[in-house]
Amino acid sequence: MTYHGVDTVSVVLDEYGAMVRDVMADYLPKQEPRKYLYDPVADYPSRGGKMMRPSLCIATARAFGAEPERAVRAAAAIEMLHNSLLIHDDIEDESEERRGKPTLHAMHGIPIALNAGDMLAMLSIRPLLENVYDASPWLSIPIIQDMERMARESAEGQALELGWRRDPDQRPTRDDYLIMVLKKTCWLAAIYPCRLGAMLGKRSKITNDAFIRFGFFFGAAFQIQDDVLNLNGGLTYGKESCGDLWEAKWTLMLIDVAQSLTEAERPRFEAYLRKSRETRTEEDVAWVLDLMNRIGAIENAQMFARGLAGAALGEFSTLLSDLPDSRDKRFIRDLITWTFRRDH
Amino acid sequence: MDNPERIKRPQPERTKPNRNVLGALGQSDAMLGSLDAAQSPIDGGHPLGPGFSDPVQKSATNGNAGSDPFGLIDEGVRAASDLVDAHIRQGEETAKSLGKSAAGISLAQTDVSGLLTGLVRAYSDVASVWVDIVGSLAHKIDGTGAAKADPTQTQGLTSTIGLSITSAGSVETGIEMFRPAIDVRPQPLVSTSMTPPAQINDVAFDAGQPGTAGKIRVTVPKGQTPGVYHGLLLSASDQTPVGVVTLRVLGQTPQEGPA
């Protein structure tokens, strides 16, 4: 049995990732103040990462007929914004590790990390603005407007999740979780990269809802698998293992647990939710993980993610059926299944 | 005694309900794309990759049968599909409430005029040149190389306006419409970047024939001071701004000689 998809995805991620890193380097200032600003700004982008978002943008642009050079600046903007949001997310989530190293705020403190995140977000606009000069006015304004929509959706999604943590009495449902993921993850991870790539490739407008369904199904499958990896990742995963449980982050698995508690278990679960990250113990985390395993929550989440991936494949077929076969088209399709094969 | 010619039913294509996740949305495995089967991500395996199996079958055999808290996975995906459709509708409603598309790329033609910003450079190396920019501007807007020469008019409102420039020298010019208007009144183009401010007064609007694009006609006098000039376009009905004309008078080039 051979796995062409795995090879295609790895090759394209490596190739497009390298292109994007080169372009990002041009937009990351190498000047003073370095120690407290530009070095921290360049930290997360230099740590690697999967480069899935920018690669998806470039591949979509190429599948629609664009030269990669045309999309690489836009792709760099996406990756820079993604990294800036990671800095903020890590602060908000009180995370300790990112891509195998301490988080930026753990290294430099929250004020410096926050400022670096702000700067990186601002810097991410520059490649897009330069794209605007090259694009037709018909196209450049929609590109910027789409970025505004993506940023708004992402912030709204983050607010939903932060609200759940702020108010431990809230009990989000699966649909609540999916809406949060749609906004927080899918827009930046898939919908915007695809829409941007399609606009650049077609050099014309696209419909208002294009790629939203595909991006949602794919992005949600990706996020759920990410949540699963967080529990199983161990040292191979970029974040600390079971970090979501330490943060009591609402995932499909935790929702599953909350809906399956016995009366005897409920008080301890309530107490677990109300604790701060610092006061949760290894016993707390192990107990919740055990609950998840006992009711099959992890397996159920994986099954659900696969269902979403199936829907994403269907959307892929609909969206790209008219395009000629190409490596980029295969990459987009194979990315869906790669979601379940990756270990980070 | 048995009849040797027993009637045999054909082998059924399937012996249980088809609850494959792809079928849930009216899809099939064949929808994995128009790519060659030999290039499938997994040769001969489940369409979603190695280790994948039908979720319904799996839940029935994993010892947790019936423990799926979300019901059949197919139902979950269907619910997710409804959810994203609602999100799309919500986005459209948000766009309406904001007065423009949230995504900004499926605007009605009348709204599109608000995005219309064209910058066209006109070169001249003769004493006087009359430059009709309508075609160029439309080409620029379309962005596909296929010029949209036809004007866009909705309920009598002009949403595309052409520019006609008469200039003795090189200029760059553009027009941006904030909203459609039936008739516009162009203001003189003024540059405040110099002292005293310079002006281009020969600016007029030609409404054209019904069904054709209106046109702003600007005549740049010989020897006009280089600089950037702006002039509002006012609605003829209520005198509110509906657009702006921007024109940059460039410095002389050697070929042009003294103005």
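This is a predicted model: local features need pLDDT of at least 70, side-chain atom pairs count only at pLDDT 80 or more; totals for chains, interfaces and linings use all residues.

1. Confidence within chain B. The term pLDDT denotes the predictor's confidence in each residue, on a scale from 0 to 100. Among the elements of chain B, the lowest mean pLDDT, 34, belongs to helix H4 (residues 109-112) of chain B, whereas the highest, 90, belongs to strand E9 (residues 198-200) of chain B. Two stretches of chain B call for comment. Residues 16-71 of chain B have a pLDDT below 50, and this stretch makes 111 contacts in the model beyond near neighbours in sequence. Residues 99-156 of chain B likewise have a pLDDT below 50, with 143 contacts beyond near neighbours in sequence. For chain B as a whole the average pLDDT is 58, and 39% of the residues score at least 70.

2. Confidence within chain A. The average pLDDT of chain A is 89, and 93% of its residues score at least 70.

3. Confidence in the complex. What ipTM and pTM does the predictor give the complex? The ipTM is 0.76 and the pTM is 0.63.

4. Composition of the chains. Chain A contains 16 helices and two strands. Chain B contains five helices and 13 strands. Of the 344 residues of chain A, 62% count as buried; of the 259 residues of chain B, 40% do. In chain A, 75% of the contacts with a separation of 6 or more are between residues 24 or more positions apart. In chain B, 63% of the contacts between residues at least 6 apart in sequence join residues at least 24 apart.

5. Helices H15 and H16 of chain A. Two packed helices are described by the angle between their axes and the distance between the axes. For helix H15 (residues 297-320) of chain A and helix H16 (residues 327-338) of chain A, the axes come within 9 Å and cross at roughly 165 degrees. H15(A) is therefore roughly antiparallel to H16(A), since angles over 145 degrees are classed in that way. The crossing of H15(A) past H16(A) is right-handed. On the side of H15(A), the contact is made by Ala309(A), Ala312(A), Leu313(A), Phe316(A) and Leu320(A); on the side of H16(A), by Lys329(A), Ile332(A), Arg333(A) and Ile336(A). By class, this contact has seven nonpolar, no polar and two charged residues.

6. Helices H10 and H16 of chain A. H16(A) also meets helix H10 (residues 212-232) of chain A, with axes that come within 9 Å and cross at roughly 35 degrees. H10(A) contributes Phe214(A), Phe218(A) and Phe222(A) to the contact, while H16(A) contributes Ile332(A), Leu335(A), Ile336(A) and Trp338(A). How many residues of each class does the contact of H10(A) with H16(A) have? There are seven nonpolar, no polar and no charged residues.

7. Backbone geometry in the loops of chain A. The peptide bond joining Glu32(A) and Pro33(A) is cis, with omega about -5 degrees. Pro33(A) lies in the loop between helix H1 (4-27) and helix H2 (34-46) of chain A. Two residues other than glycine have a positive phi: Glu94(A), near 55 degrees, and Phe211(A), near 70 degrees. Glu94(A) is placed in the loop between helix H4 (68-93) and strand E1 (97-98) of chain A. Phe211(A) is placed in the loop between helix H9 (174-202) and H10 of chain A. Is each of these residues buried or partly exposed? Glu94(A) counts as partly exposed because its relative accessibility is 37%, whereas Phe211(A), at 6% relative accessibility, counts as buried.

8. The surroundings of Arg21(A). Arg21(A) is located in helix H1 of chain A. Because its relative accessibility is 32%, Arg21(A) counts as partly exposed. Apart from neighbours within four places in sequence, Arg21(A) is in contact with Gly48(A), Gly49(A) and Met51(A). The C-alpha atoms of Arg21(A) and Ala75(A) are separated by 9.9 Å, although the two residues are 54 residues apart along the chain.

Notes
Residues are numbered from 1 along each chain as its sequence is written. Chains are lettered from A and ligands numbered from 1 in the order in which they are written. Side-chain values use heavy atoms; hydrogens and water are left out. Helices (H or I, at least four residues) and strands (E, at least two) are DSSP runs, numbered from the N terminus. Contact means heavy atoms within 4.5 Å. Axes are lines fitted to C-alpha atoms, for helices over the stretch in contact, and angles run from 0 to 180 degrees between N-to-C directions. Angles under 35 degrees count as roughly parallel, over 145 as roughly antiparallel, 65 to 115 as roughly perpendicular and the rest as oblique. A crossing is left-handed if the near helix is turned anticlockwise from the far one by less than a right angle, and right-handed if clockwise. Ala, Val, Leu, Ile, Met, Phe, Trp, Tyr, Cys and Pro count as nonpolar, Asp, Glu, Lys and Arg as charged, and the others, Gly among them, as polar. Buried means under 20% relative accessible area, exposed over 50%, partly exposed in between (1.4 Å probe, protein chains only).
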